[in-house]
Structure formats: C-alpha cells, structure tokens
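Biologist: I have the model open beside me and would like to go through a few local features with you. Could you take me through the packing and the loops?

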Amino acid sequence: SLPKNATIIEVGPRDGLQNEGRIVTTDFKLQFIEGLQKSGIQEMELTSFVSPKWVPQMADAKDIMASAEKQGRQFVLAPNEKGIQAALESGARAIAVFVGVSNSFNKKNINKTTAESMKALEPLVAKLKEDGIFVRACISTAFYCPFEGAVDPEATLALCRQFVEWGVDELSVADTIGMAAPNESYALFKKITEAFPDTLITAHFHDTRKMALANIYAALHAGVTRFDSSAGGLGGCPFAPGATGNVATEDVVNMLHRMGIDTGIDLDQLCDAVQKIEHHISTPVQTGMYSLYKNR
Ligand code: HMG
Ligand code: MG
C-alpha cells in the first residue's frame, strides 16, 4: 500500500546549479533557497564544499552557509576531509558524502577509485557520527555508469551495506544518468528497503530519459517515501557525460498530491520559486511545466 506522506529533499541549489555554466550570484542563490523554503520544503542540499577548480559554481559555499536562512534539515555535500572540515566550520549539522558504485565514474568525479574513497571516508564518517552530525551517503551510478554500462545491483547493495555498518543516517541512491527503468527501480529499492529497515532510504532520479516519475512511482511501491528532486528540473553532474537534470520538484509534488500523498509543500509557492530561476540560468527550465500547475 502507498504511504500517506512523502518527503522531498530539494537538491536544486546544489545538484541543480553545479552544472550551470553561467555563475549565479550568491545573492540570487540565497533568494532561490529562500523561495524554496517559503514553499514549505524542510530538507535541502544548500551547496557543496568541493574544489572550486572542479566545480566553480560552488565556490561560494561558505557565503551561502553564512547567510542562508535556517529551516529544517540543511545538507551540504563534502567529498573529503578538507570539505568536511570547511562544512563543519560553516556550521553544517547534516553532511552528505558521495561515492560512485562504479570505479570509472568515481575516478572522474572524485579522482579516486571506489575502494580508495571508502577507505578515506571510513574514519571521517566515524568522527561525524561521534560528533552527532547527520550523515547522508549519496550512492552514485547505482543502476548505470556512463563509462561501464549496467551496474550489478549486488555491488550497489554491498556499498550501501558498508555505509549502513558505519551508522549513516540516510542512503540516497542515485540513477546518475537517468537510465533506470521502473522495473529496475522497483527491484533495487525493494532489496534496499528490506535489507536496511533502520536507515532512511531516499531515491535520487535524474530525468534524462523521462522515466524519473515512473521510477518514483515504482520506488513508492517498494516502500520508499523520500525523494531527491530539483526545482525546475535543473541539474546534472559535470563528471557524468550526458547527465541532465534531476526530476523536477514541481512534477514530483504534483504527482504525489494528485495521488493523495502529502508533502507539506505549497505547489503554487514552489512554482513562484521556479519562475524566478529562469532568468539566471543559461538554458530554459527543463520541464516548462510549472506554468500548468500554478494557480490550479
Ligand atoms: P584532487 O585534485 O584529487 O584533490 O580532487 P587534491 O586533494 O589533490 O586537491 C587539489 C586542490 O583542490 C588543492 O588545491 C586542494 O586544496 C583543493 P591547490 O593546492 O591545487 O590550490 N581541494 C579543495 N578545495 C575546496 N574544497 C575541498 C577540497 N579538496 C581539495 N573539499 C576532489 C579531489 C575530491 C577535491 C575533487 O575531485 C572534487 O572536488 N570533486 C567534486 C566533484 C563534484 O562536486 N561532483 C558533483 C557532486 S556528486 C553528484 O553530483 C552526484 C549526486 O548528485 C548523486 C548522483 O546523481 O549520482 C550526489
Ligand atoms: Mg545527482
């Protein structure tokens, strides 16, 4: 049976903007965050503490953290010790670490093999948990890799298991290049929700092949109630060729509400926030759908 409530984790200010070639001003990012918060979003990735040489758009992470209004759970991404240190100094209490199941992708994204990443992360995650920080583990290329093709679901499960053994609070399991089909979404998320009943399980879909909503529907049936999405469908990983935007938050919220699943988000106000981004990015908002939802 389907849940009565679901949680949206808004990733627009981070995943949405990290691939944007035109540098968005810190002021506008803060307005974007504020607009999203006004719509009722309670969990959000605000920014990432990564190398500005690798991802120039996120170079203002410290300023974002200093000025963003605090509402609900505010995540920042951090790939390594330096990023985690900076995140903690900025006041972050919820940190997302990230690693790819596939070595080739992880090399391109973090310049380490998956095993090297995990070795480096183990003591860092232990310390974060000791300090009472909420740890979210983002699992990239959980279904397909842009370089290696299909990923063995057992490899994804094994990586998830390692994080669960370290005591992370949440697994965000990602279809990085938007290639999974709904039957694959159902099968993997069924295994994950059954294997890790005490960990928050989140599904992170990119909409490259327009299957993200169908994948979310399938994941709901597998027991998932948390979904990453990006307002306006912005986004993509700069190190995953062909990756386009995340599933659009407004599309997910509309679908869930129509199905009688509450998110606590005001769709009208969410659409206002989306409308304002359009003027600040180089490509039109992917879905163009928000105008359909507004004032309806
Ligand atoms: P590296 O070049 O191997 O790192 O990059 P390094 O340790 O040799 O350092 C190189 C330089 O970067 C040094 O500066 C460091 O100080 C600096 P220099 O001495 O040359 O002036 N540096 C940093 N600066 C700021 N913050 C840091 C940091 N670390 C080192 N944290 C590194 C390794 C991990 C840094 C690099 O590969 C990197 O930043 N990668 C981030 C890639 C990224 O942000 N990808 C997108 C996010 S993941 C994603 O989108 C997927 C997800 O959405 C789920 C899905 O859809 O799959 C989550
Ligand atoms: Mg992503």
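Biologist: To begin with, where is F49 found?

Modeller: F49 is found in the loop between β2 (43–48) and α3 (61–67), where helices (H or I, at least four residues) and strands (E, at least two) are DSSP runs numbered from the N terminus. This is a predicted model, in which local features need pLDDT of at least 70 and side-chain atom pairs count only at pLDDT 80 or more, while totals for chains, interfaces and linings use all residues. Residues are numbered from 1 along each chain as its sequence is written, and chains are lettered from A and ligands numbered from 1 in the order in which they are written.

Biologist: Is F49 buried or exposed?

Modeller: F49 counts as buried because it has 25 C-beta neighbours inside 10 Å; a residue is buried if 20 or more other C-beta atoms lie within 10 Å of its own, exposed if 12 or fewer, and partly exposed in between, with the C-beta atoms placed from the backbone.

Biologist: And which residues does F49 touch, leaving out those up to four places away in sequence?

Modeller: F49 touches A61, V76, L77, A78, G83, A86 and A87, a contact being two residues whose C-beta atoms, placed from the backbone, lie within 7 Å. As for V76, its C-alpha atom is 7.1 Å from that of F49, although the two are 27 residues apart in sequence.

Biologist: Switching to helix pairs, how do α2 and α11 cross?

Modeller: The axes of α2 (residues 26–38) and α11 come within 7 Å and cross at roughly 165°, the axes being lines fitted to C-alpha atoms, for helices over the stretch in contact, with angles that run from 0 to 180 degrees between N-to-C directions. The two helices are therefore roughly antiparallel; angles under 35 degrees count as roughly parallel, over 145 as roughly antiparallel, 65 to 115 as roughly perpendicular and the rest as oblique.

Biologist: Which residues make that contact between α2 and α11?

Modeller: On the α2 side they are Q31, F32, G35, L36 and K38, and on the α11 side Q269, D272, A273, K276 and I277. By class they divide into four nonpolar, three polar and three charged, with Ala, Val, Leu, Ile, Met, Phe, Trp, Tyr, Cys and Pro counted as nonpolar, Asp, Glu, Lys and Arg as charged, and the others, Gly among them, as polar.

Biologist: While we're on α11, which of its residues are buried?

Modeller: In α11 (residues 267–277) the buried ones are L267, L270, C271, A273, V274 and I277. They line one face of the helix, because seen down the axis of α11 they fall within an arc of 160°, the arc being that of the directions from the helix axis to the C-beta atoms.

Biologist: What about α5, which residues are buried there?

Modeller: In α5 (residues 103–110) they are F105, N106, N109 and I110, and they sit on the same side of α5 because they cover an arc of only 95° around the axis. Their cover includes β4 (94–100), α6 (114–130), β5 (134–140) and β6 (144–145).

Biologist: What is phi just after α5, at N111?

Modeller: Just after α5, N111 takes a positive phi of about 65°, and N111 is a residue other than glycine. N111 lies in the loop between α5 and α6, and it is partly exposed because 14 other C-beta atoms are within 10 Å.

Biologist: And K210, where does that one lie?

Modeller: K210 lies in the loop between β9 (200–205) and α9, with a positive phi near 60° in a residue other than glycine. K210 is exposed, since 9 other C-beta atoms are within 10 Å.

Biologist: Back to helices: how do α8 and α9 cross?

Modeller: The axes of α8 (residues 182–195) and α9 (residues 212–221) come within 8 Å and cross at roughly 30°, so α8 and α9 are roughly parallel to each other. The contact is made by P182, S185, Y186 and F189 of α8 together with A214, N215, Y217, A218, A219 and H221 of α9, and these residues divide into seven nonpolar, three polar and no charged.

Biologist: Last one, where is M259?

Modeller: M259 is in the loop between α10 (249–258) and α11, and its C-alpha atom is separated by 10.0 Å from that of P3, 256 residues apart along the chain.
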